[in-house]
Amino acid sequence: MQTVSENKCFDGIQGVYTHSSAACRCDMTFGLFLPPEAKDGPVPVLWYLSGLTCTHENAMTKAGAQGWAADHGIALVFPDTSPRGPDVADDGDFDLGQGAGFYVNATQSPWTPHFQMWDYVAEELPALLAQNFAIDSNRQAITGHSMGGHGALTLAMNLPGRFRSVSAFSPICNPTASDWGRKQLTAYLGPDEAAWQRHDASVMMRDRGFDGPMLIDTGSDDQFIDLLRPEALASAIAERRQPATLRLQKGYDHSYFFVSSFIEDHIAFHAQALWA
């Protein structure tokens, strides 16, 4: 692992690091904010998964999360959204290939060699953090935006006991029934829709749910709301009678102006679960 940069931030450290990934078979970059309490011992961690076209930098620089995380003594992890490099497969469209890993393990050519983002986020990167930083692996929570919201919800429901809480900003809620999903799941996982189910938050909600607090925010003026399908997840939550808070925020769109407006709420929400 190599240090790209480390900057003092709210009396903690905002770092950027690269490492050779065994899962993705290329170099991967991530951001990590450690609050000042990390100098004295392991701290809880909140994962933030970003959306289409993003890198580790988007939320790290635009969400305004570090100050609120410092207030609560919580670390923030900002993984990249896909493998990258000249030898990594890509596509001309913004919603497939580099920058659009969808947090799945690809089984189809040409994506299989590198696009193993599920294993990277669920297994490899957590182990790397635990080995090298003051992270308390027993106190983890997860959030994300758009494609990252999809990833946060599906990881939380597929890994019971891993995360104490889950939240999402404008998540892709029902990718098996949306153009933001069917295209990518077909490309990465093949035409057998049975393989898609564990990567659909609405399906997983009906199948398993989540044993912990859940918070989901979507803007009423989100320009992609028909692709996100929040009503599908709301229906699944109601059918399962899952404890959850779903909010449609009047006038907000899909941008980081929206995310930064409600990041304080989400970090406070997770802090309550992480410090319980």
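Colleague: How many bridges join strand E1 (residues 2-9) to E2?

Modeller: The model is predicted: local features need pLDDT of at least 70, side-chain atom pairs count only at pLDDT 80 or more, and totals for chains, interfaces and linings use all residues. Residues are numbered from 1 along each chain as its sequence is written, and side-chain values use heavy atoms, without hydrogens or water. Strands (E, at least two residues) and helices (H or I, at least four) are DSSP runs numbered from the N terminus, and two strands pair if DSSP finds at least two bridges between them. E1 and E2 run antiparallel, and the bridges joining them number 7.

Colleague: Which residue takes a positive phi in the hairpin of E1 and E2?

Modeller: Asn 7 stands opposite Gln 14 in E2. The hairpin has 2 residues between the strands. The positive phi, near 50°, belongs to Phe 10.

Colleague: How many of the 10 residues of strand E2 (residues 12-21) are buried?

Modeller: Buried means under 20% relative accessible area, with a 1.4 Å probe and protein chains only. E2 is mostly covered, and its buried residues number 8.

Colleague: Is Leu 153 buried or exposed?

Modeller: Leu 153 sits in helix H4 (residues 147-158). Beyond its neighbours within four places in sequence, its contacts (heavy atoms within 4.5 Å) include Val 166, Met 214 and Leu 233. Its relative accessibility is 1%, so Leu 153 counts as buried.

Colleague: What is the volume of the largest pocket?

Modeller: A pocket is an open set of points on a 1 Å grid over the protein atoms alone, where a 1.4 Å probe fits, with protein on both sides within 12 Å along at least five of seven lines; lining residues have an atom within 4 Å of a point. Grid points are joined across faces, edges and corners, and the volume is the space filled by probe spheres set on them. The largest pocket is lined by 15 residues, with Leu 52, Thr 53, His 145, Phe 224 and His 254 nearest its centre. Its volume is about 240 Å³.

Definitions and conventions: Buried means under 20% relative accessible area, exposed over 50%, partly exposed in between (1.4 Å probe, protein chains only).
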